[in-house]
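I opened the structure today and kept notes on what I looked up. The entries follow in the order I made them.

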Amino acid sequence: MSASPVTAVPRRQAPPGRNNTQPRERFDRRLDEILAHATAVFCDKGYDAASMRDLSRATGMSLAGLYYYFESKEKLLYLIQKHTFQTILANLRKRLEGVIDPEQKLRVLIQNHVEYFLANQKAMKVLSHEDEALKNGYGGEVRAIKRQYYRICLGLVEDVMLARGLQFSARLAVLSLFGMMNWIYTWYNPRVDADAGPLARQMSELFLNGLLGRPSQRRRSRRQSMTR
């Protein structure tokens, strides 16, 4: 899954009168690298145990330079979380374009989610373990993006329920689906588990049909036809 670059405006601006396009592109690429290194540090040490000195060594920036551009490790965690959720959300919206069938839309969401999580397992661990670490404005901004994602998923589940004539808690279904997808990093083993595509299809079947859903319906239909 492709990821759009994270952008953040550094406090140090390029000199006036110069073409800022190339410096900006270099900054975006460098920021992506810094966030990748910071993600690895938070994943390995945990957010609370990680220090700005640890982040400085991992990113190759001087401690003074790191503080100059990011002020704190909370700023780096904020950028990691914001980038991740914005990327998942943007990719989902793009992949849903032109998809009409409610069930297929939900399958697209599951595939988009699983593909990104398998490709970014360290970031997923950081997001799952440090969900409550961000405070004040940073936390509120990330939660707003997460609420957008939740509402999209809730709407897709409600559309499937309506199409199938089902009645149950859509909220419970959505949170159960996220529970199934979000913890992949804790058990996924590429030596024995399927790649993202087949894995997403299997999860879709489990979520949409359950272990006994369609087979039990077929058995009931056969019994009913035999008694007629």
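I call a residue buried under 20% relative accessible area, exposed over 50%, and partly exposed in between, with a 1.4 Å probe and protein chains only. This is a predicted model, where local features need pLDDT of at least 70 and side-chain atom pairs count only at pLDDT 80 or more, while totals for chains, interfaces and linings use all residues. Residues are numbered from 1 along each chain as its sequence is written, and side-chain values use heavy atoms, with hydrogens and water left out.

**Entry: salt bridges**

I counted a salt bridge when a side-chain nitrogen of Lys or Arg was within 4 Å of a carboxyl oxygen of Asp or Glu. Searching the whole structure gave me 10 salt bridges.

I looked up Arg 107 and found it buried, at a relative accessible area of 17%. Glu 103 is also buried, at 17%. Their side chains form a salt bridge, 3.1 Å from N to O. For helices I took DSSP runs of H or I with at least four residues, and for strands runs of E with at least two, numbered from the N terminus. Arg 107 and Glu 103 are four residues apart in helix α5 (residues 102-119), about one helical turn. An α-helix has 3.6 residues a turn, so residues three or four places apart point the same way.

Arg 107 has a salt bridge with Glu 205 as well, with the closest N and O atoms 2.7 Å apart. Glu 205 lies in helix α10 (residues 196-209) and Arg 107 in α5, so this pair ties together parts 98 residues apart in sequence. I noted that salt bridges with shared partners join Glu 103, Arg 107, Arg 164 and Glu 205 into one network. Glu 205 is partly exposed, at 34%.

Next I checked helix α2 (residues 52-59), where Asp 54 and Arg 57 lie three residues apart. Their side chains meet in a salt bridge of 2.7 Å, N to O. Asp 54 is buried at 13%, whereas Arg 57 is exposed at 58%.

**Entry: helix α3**

Which residues of α3 (residues 63-70) are buried? I found Gly 65, Leu 66 and Phe 70.

After α3 comes Glu 71, with a positive phi near 65 degrees, although Glu 71 is not a glycine. Glu 71 sits in the loop between α3 and α4 (73-96) and is partly exposed, at 33%.

**Entry: cysteines**

I counted a disulfide as a pair of cysteine sulfur atoms within 2.5 Å. The count came to zero. Cys 43 is buried at 13%, and Cys 153 is buried at 0%.
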